[in-house]
Amino acid sequence: MKRLQERALLRTPGESPIIRTSVRLMVPFIQLFGLYVIVHGHYSPGGGFQGGVILGASFILLALAYDLKTSLHHMSERANAVLGNLGAAIFVGVGLLAALCGGLLLDYSALDRLIPLGPIEWRSFGIFLIEVGVGLGVMCMMVLLYWTISSDGALDEGL
Amino acid sequence: MTFVNLHIYVLLMPLLAALAVNVAGRFDRRWIAPLVLGALGFSLSGALLVLARVVQHGALRYTVGNWQPPYGIELVVDHFSALMLVLITLVALLASFAALKSVEQELPGREYLFFTLYLILITGLCGLVLTGDAFNLYVLLEITSITSYGLIAMGKGRAPLASFNYIIMGTIGACFYLLGVGYLYILTGTLNMADIARLLPALDAPFATATALAFMLVGLWVKMAFFPLHGWLPNAYCHAPTGAAVLAAPLMTKVTVYLMVRIILSMYGPAFVFDASAVQDGIVWVAAIAILCGSVMAFGQKDLRRMLTYIIVAEVGYMVGGIFLGTGTGMTGAILHIVNDALMTLCLFLAVAAIIYRQGSVSLVSLQGIYYRMPVTMAAFTLGAFAMIGIPPTCGFFSKWYLLLGGIEAGHWEYVIALLTSSLINAVLFFRIIELAYFGALADGAHHDHAPGERHEAPWWLVKPLVITAMLLIVVGLSTGPLVNNVIRLVLPAGF
Amino acid sequence: MDVFLEEIVGKYNYWAYVILMMIGFYAMIGKRNLVKKLLGMNIFQTAIILLFVSTGVKKGGHIPIVDKYAALAGNLDISQINNPLPHVLMLTAIVVGVSVTGVALAVLLRIYREYGTLEEDEILEKLRR
Amino acid sequence: MKALALLATLTVGALLLYGTKDFPAWGDPASPASSHLSPGYIEQAVPQTHVPNLVTAVLGDYRGYDTMFELIVIYCAGMAVASVLWRTRE
């Protein structure tokens with residue numbers, strides 16, 4: 001009886017072949033859907049935040065079904081830092097670039113002077129660019145929040 | 001480089017530096033100091049240029065994204081916000097020297113995280129003073145709050161508990177502010193402050209506008225630790241890492257006072273806010289009580305840093321009271337006091353940081369005979385203490401003078417008495433410390449083996465900014481006239 | 001009485017949100033367990049989000065995603081499309097809420113590491129000793 | 001303490017309900033919120049930005065400044081959590 005209890009305690013919640021296989025199958029599709037939500041934000045409900053959360057959820061799902069190491073194997077801590085900063089830098093950079101090109105901050109139509117697409121098309125495209133930045137940033141921060149809080153800051157074990 | 005976007009560069013440079021610190025500082029911490037100091041130095045020089053341009057050419061309204069103001073977000077660069085921009089970047093630059101050194105000692109290995117949050121906090125504060133949009137103000141308020149929650153929770157011992165209290169109180173404050181904005185949005189359908197100011201007088205909704213104002217003010221009072229709502233502040237600033245306290249203590253409360261002035265002057269207009277004289281009188285009374293309670297509670301503390309946090313609570317009472325006197329002199333005094341108090345608090349906290357760097361504690365017992373060990377630090381501390389008490393020619397005297405005049409003009413004697421009493425209590429408080437620091441070692445024979453004459457100053461990273469701040473206290477005090485005539489007078493609306 | 005009832009029926013949304021808000025607010029200031037305080041904070045924020053989103057509603061309106069060509073030609077029925085602005089504002093408020101919750105959870109973990117409990121009374125008891 | 005909290009809660013609630021007295025009824029298309037800025041966004045967003053999802057257009061462009069700081073908020077949250085919890089690794 002005691003052995004059984006100990007074994008149950010030792011087992012992580014996701015340690016079941018059904019869950020592992022289905023998660024492994026689902027993760028690529030979840031990520032694809034996340035990308036779709038980011039990219040299709042112009043035409044349907046969605047956008048950077050929503051898509052970023054979905055992308056982040058795919059890594060969190062990996063950590064839930066396997067363990068934190070598997071999740072860290074798919075996205076290293078360093079990649080997380082670089083991508084998160086890159087996301088924020090894309091947004092601020094696009095805004096500043098517009099200001100440096102002679103417009104005002106975040107005035108995407110001013111970017112027309114760099115690549116002539118037409119000011120209105122540039123507004124649409126500028127929104128797309130910042131949504132990508134937002135998606136990257138939100139994904140990394142969601143994953144970082146989960147990793148850190150679930151493992152109490154150790155980034156090695158946890159759920 | 002076009003000058004139209006100058007304040008944007010001032011605002012975003014610390015943010016970019018924060019991203020750079022986060023990446024580069026992670027791999028090699030030698031990158032941190034040049035990035036932080038470079039960005040803040042750039043911001044300070046940019047802010048000075050912005051102020052010079054505003055004084056010369058008048059206020060500037062900037063539309064982000066080139067959209068018409070009620071649709072897009074508007075930034076307002078007028079005399080007041082330019083002045084605050086200079087103040088914030090100046091204080092941040094001076095504080096960052098001390099922060100760089102003390103964080104190295106207190107939080108080894110986590111410096112890049114600390115400075116990422118530190119720089120974003122500065123961006124948030126700069127953004128707060130620039131914005132002309134009620135909802136944008138909420139977002140920036142949350143940026144400054146979240147960064148300071150993180151910075152405070154990095155401390156040791158009770159710091160996480162203090163930080164959690166701050167999170168709960170800060171969120172209540174921010175949510176109340178957001179509720180006020182929501183009420184105004186339902187009533188007017190706009191979020192732009194100037195547009196709200198245009199629509200409010202024509203609105204026939206006295207209950208809802210008053211409710212909205214009440215919620216916004218209470219929300220900001222929680223954030224600025226106005227007396228009955230001040231519970232979170234002493235613990236938070238007392239247990240925070242020294243580097244965080246040096247930045248947050250001078251700036252956070254003052255910027256929130258700025259926001260209150262902004263709401264009163266450019267959103268509601270003084271005519272609306274100072275209409276109900278019973279409420280106004282009540283707030284001045286509460287401010288008087290705040291001043292007295294802050295000072296008395298400061299008197300009971302056994303730790304210098306904790307004592308200073310209670311003095312901050314009293315100073316918030318000065319400013320809120322001065323604003324709600326409803327006279328031009330009182331308002332001038334309050335605005336001048338924002339500037340002066342930021343510098344005075346910075347001076348005292350830098351001195352505390354220097355002492356903590358050397359001996360790890362600033363309990364009153366440990367300050368015995370410290371004059372002999374750290375003469376320069378304590379000289380600057382004395383100057384800061386004089387400014388806090390209000391001894392001319394330090395800047396503290398002039399703003400208190402304006403506040404006193406305003407109180408007498410408005411006939412609010414309770415405020416005048418509270419101010420004078422609090423100055424007296426401050427004098428007793430600080431002379432007690434100065435006495436202890438100067439004569440303590442002579443009286444105490446036990447310390448003689450640890451020769452009191454042995455000089456052991458903190459490194460120049462901590463001492464030089466402190467000396468500069470102490471000089472600034474006198475410089476700003478002596479240039480009160482031009483400051484009031486060229487900048488602060490122009491902040492007040494006509495006929496006020 | 002009739003006036004009062006009409007007031008409630010016409011603005012029942014505000015009444016519902018205010019009651020939610022009061023629940024959250026009471027939990028934030030009245031409860032002694034730190035996690036309950038955090039949950040109260042979330043309820044409070046959600047109530048505000050609902051309040052804002054409800055201001056964007058028009059009776060019979062649908063979601064603010066329009067037909068591009070109809071919009072370019074200028075034949076949109078404005079009364080049929082909900083106000084997009086509150087949705088945008090609340091997207092921001094939701095993100096802020098998530099962030100504050102994350103930081104608060106982290107701070108709670110630190111508190112637990114330090115004191116081994118999340119009951120305010122027990123923590124204060126330990127501090128006094 | 002509990003009584004005080006209850007009193008504060010009731011005061012806040014009463015004040016909030018008192019404020020709703022002046023509000024337009026729910027879903028009123030003529031309310032200021034639906035008639036001041038919103039028609040401008042609905043009519044102008046597509047011609048000015050070519051984005052049919054008005055929420056995205058307002059989020060990304062008209063109020064892009066808000067969105068930028070929104071991203072910074074969540075970035076800060078990640079960094080704050082890391083700085084609070086990560087144990088020092090020399």
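How many helices and how many strands make up the secondary structure of chain C? This tour takes that chain as its starting point and then moves to selected residues in the other chains.

The structure is a predicted model, in which local features need pLDDT of at least 70 and side-chain atom pairs count only at pLDDT 80 or more, while totals for chains, interfaces and linings use all residues. Residues are numbered from 1 along each chain as its sequence is written, chains are lettered from A and ligands numbered from 1 in the order in which they are written, and side-chain values use heavy atoms, with hydrogens and water left out.

**Chain C as a whole**

Select chain C. Its secondary structure comes to six helices and zero strands, where helices (H or I, at least four residues) and strands (E, at least two) are DSSP runs numbered from the N terminus. The radius of gyration of chain C is 21 Å, well over the 14 Å that the globule rule gives for 129 residues, so the chain is more spread out than a compact globule. That radius is taken over C-alpha atoms, and the rule is 2.2 Å times the number of residues to the power 0.38. Along the principal axes, the C-alpha atoms of chain C fill a box of roughly 75 × 45 × 10 Å.

Buried residues make up 51% of the 129 residues in chain C; buried means under 20% relative accessible area, exposed over 50%, and partly exposed in between (1.4 Å probe, protein chains only).

**Salt bridges**

Across all chains, a search of the whole structure finds 17 salt bridges, each a side-chain nitrogen of Lys or Arg within 4 Å of a carboxyl oxygen of Asp or Glu.

Remain in chain C and select R128(C) with E125(C), whose side chains meet in a salt bridge (3.5 Å, N to O). Both residues lie in helix α6 (residues 120–128) of chain C, three residues apart, about one turn of the helix. R128(C) is exposed, with a relative accessible area of 66%, and E125(C) is partly exposed at 40%.

Next, select D341(B) and K254(B), which form a salt bridge with the closest N and O atoms 2.9 Å apart. D341(B) lies in helix α14 (residues 328–359) of chain B and K254(B) in helix α10 (residues 242–268) of chain B, so the pair ties together parts that are 87 residues apart in sequence. Both D341(B) and K254(B) are buried.

In chain D, R63(D) pairs with D66(D) in a salt bridge, with 3.1 Å between the closest N and O atoms. R63(D) and D66(D) are both buried. Returning to chain B, select R29(B), K101(B), E104(B) and E111(B), which are joined into one network by salt bridges that share partners.

**A buried threonine**

Select T144(B) in helix α5 (residues 134–153) of chain B. T144(B) counts as buried, at 2% relative accessibility. Leaving aside neighbours within four places in sequence, T144(B) is in contact (heavy atoms within 4.5 Å) with L121(B), G124(B), L125(B), L128(B) and M252(B).

**Backbone features in loops**

Select P392(B) and P393(B): the peptide bond from P392(B) to P393(B) is cis, with omega near 5°. P393(B) is placed in the loop between α16 (375–389) and α17 (395–410) of chain B.

Then select A225(B), a residue other than glycine with a positive phi near 65°. A225(B) occupies the loop between α8 (206–224) and α9 (232–239) of chain B, and is buried at 1% relative accessibility.

Finish in chain A with L106(A), which has a positive phi of about 60° although it is not a glycine. L106(A) is found in the loop between α5 (77–100) and α6 (119–150) of chain A, where L106(A) is buried, with a relative accessible area of 0%.
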